[in-house]
Amino acid sequence: MRSAVNVHNEWDPLEEIIVGHATFAQIPDDLGINALSQIAPDVDVGARDFPQKIIEETEEDLAVFVSELEKLGVTVRRPAPIECRETIKTPFWDSGYFFSYCPRDVLMSVGDLIIETPNVLRSRFFEPWAYKDILTEYLKSGSRWISAPRPSLDDKTYNLTDAESCALNNHEPVFDAANVIRAGRDLFYLVSHSGNDLGHLWLQSTLGPEYRVHACRNMYRAAHIDTTLVFLRPGLVLVNPIRINKENLPEPLRKWDVMYAPEMEKTTYSDLPPLASDWIGMNLLMINPELAVVDVHQTSLIKMLERAGINVLPLLLRHGRSLGGGFHCVTLDVRRRGCLETYC
């Protein structure tokens with residue numbers, strides 16, 4: 001039986017992918033979001049509902065994205081949007097519900113394994129439910145499917161007092177899947193406000209000695225890794241010049257060729273406070289080592305990639321900053337044509 005899940009890095013030829021939805025988008029009041037808002041002043045993560053126009057335009061953009069992927073022969077799966085306007089509860093807290101826009105945040109694919117990660121936000125505690133039917137199909141195909149220990153996300157999880165420190169205490173393992181990028185046997189885990197040291201320890205212990213999970217510190221601490229390090233192909237990495245330099249580039253990547261991203265073009269369509277910085281323009285998706293999906297506005301980045309021999313499929317995601325996700329964020333690649341190798 002052939003596993004439907006088979007992915008080892010960020011660049012092998014893409015065969016199957018999950019693309020999220022903006023349907024029912026809302027940001028609820030959430031203690032984890034409040035902790036982040038104290039420590040990440042460059043973005044606004046406060047509670048809000050999104051105007052229907054933003055949701056509709058985002059769905060239009062995602063439909064074009066899906067169509068272009070399918071033209072390239074990629075199988076695209078979509079989650080079932082969940083409308084949850086009621087309070088969700090555990091024995092420890094009540095919260096509103098988030099929305100299923102960024103599968104990259106709650107699910108991780110490594111080899112033939114899908115991991116439900118212990119997300120740092122209470123409002124996303126049940127978000128993997130949107131993907132259950134898809135994950136069940138993958139399980140039936142021979143894929144493996146596990147869930148990290150479900151965190152309590154009680155008040156001890158969060159640092160609400162020291163704005164100079166991480167928003168997460170090491171009370172229990174918590175991390176978003178988007179804190180991790182893959183390069184074969186080497187995975188890079190960003191220790192940040194969206195992933196603590198215990199999360200790194202759990203991931204390494206779970207994947208075992210076949211993998212090396214490198215803890216990345218002193219680079220960027222606000223959130224996910226995919227606007228800081230972007231793997232383009234074996235031996236070539238795109239880095240954020242504001243966050244990465246020769247001193248803090250992860251040691252396993254120091255033999256790679258490094259491209260420093262140009263300044264991002266500012267893109268704003270709505271008057272809502274953004275959930276992501278301008279660097280969301282780096283949040284590209286590699287279809288294969290010679291083709292990338294990139295925000296159409298990032299003309300300097302597109303030219304840089306083309307000079308490196310990478311063709312670009314320029315697409316529009318009008319409200320990526322408002323909703324907090326670019327083309328890498330809103331997807332989860334589950335099958336790429338390739339095998340496990342060592343690149344570092």
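Let me start with a contact: a polar atom of the Asn-170 side chain lies 3.2 Å from the backbone nitrogen of Asp-197. I call that a polar contact, meaning N or O atoms within 3.5 Å, where within protein one must be able to donate a hydrogen and the other to accept it, and residues adjacent in sequence count only if both atoms are side-chain atoms.

A word on the source: this is a predicted model, with local features needing pLDDT of at least 70 and side-chain atom pairs counting only at pLDDT 80 or more, while totals for chains, interfaces and linings use all residues. Residues are numbered from 1 along each chain as its sequence is written, and side-chain values use heavy atoms, leaving out hydrogens and water.

Back to Asn-170. Its side chain also reaches the backbone nitrogen of Leu-198, at 3.0 Å. Asn-170 sits in the loop between strand S9 (144–147) and S10; strands (E, at least two residues) and helices (H or I, at least four) are DSSP runs numbered from the N terminus.

Now to helix H5 (residues 197–207), which packs on a sheet and touches S10, S11 and S12. That sheet is open, with three strands in the order S10-S11-S12 and mixed pairing; two strands pair if DSSP finds at least two bridges between them. S10 and S11 are antiparallel, over four bridges, and Arg-182 stands opposite Leu-187 in S11.

Which residue of H5 shall we visit? His-200 is in this helix, and at 16% relative accessibility His-200 counts as buried. A polar atom of the His-200 side chain lies 2.7 Å from the backbone oxygen of Val-213. Beyond neighbours within four places in sequence, His-200 is in contact (heavy atoms within 4.5 Å) with Tyr-189, Val-213, His-214 and Ala-215.

Finally, the cores. A nonpolar core is a set of buried Ala, Val, Leu, Ile, Met, Phe, Trp, Tyr and Cys residues joined through side-chain atoms within 4.5 Å. Which members of the largest one, with 39 residues, touch the most other members? They are Leu-229, Phe-231, Leu-232, Leu-238, Leu-284 and Leu-305. Among the elements that each supply at least two residues of this core are S10, S11 and helix H6 (299–307). A second, separate core has 34 residues, including Ala-22, Ile-54, Val-66 and Val-76.

Note on methods
Buried < 20%, exposed > 50% of the residue type's maximum accessible area, 1.4 Å probe, protein only. Axes fitted to C-alpha atoms, helices over the stretch in contact; angles between N-to-C directions.
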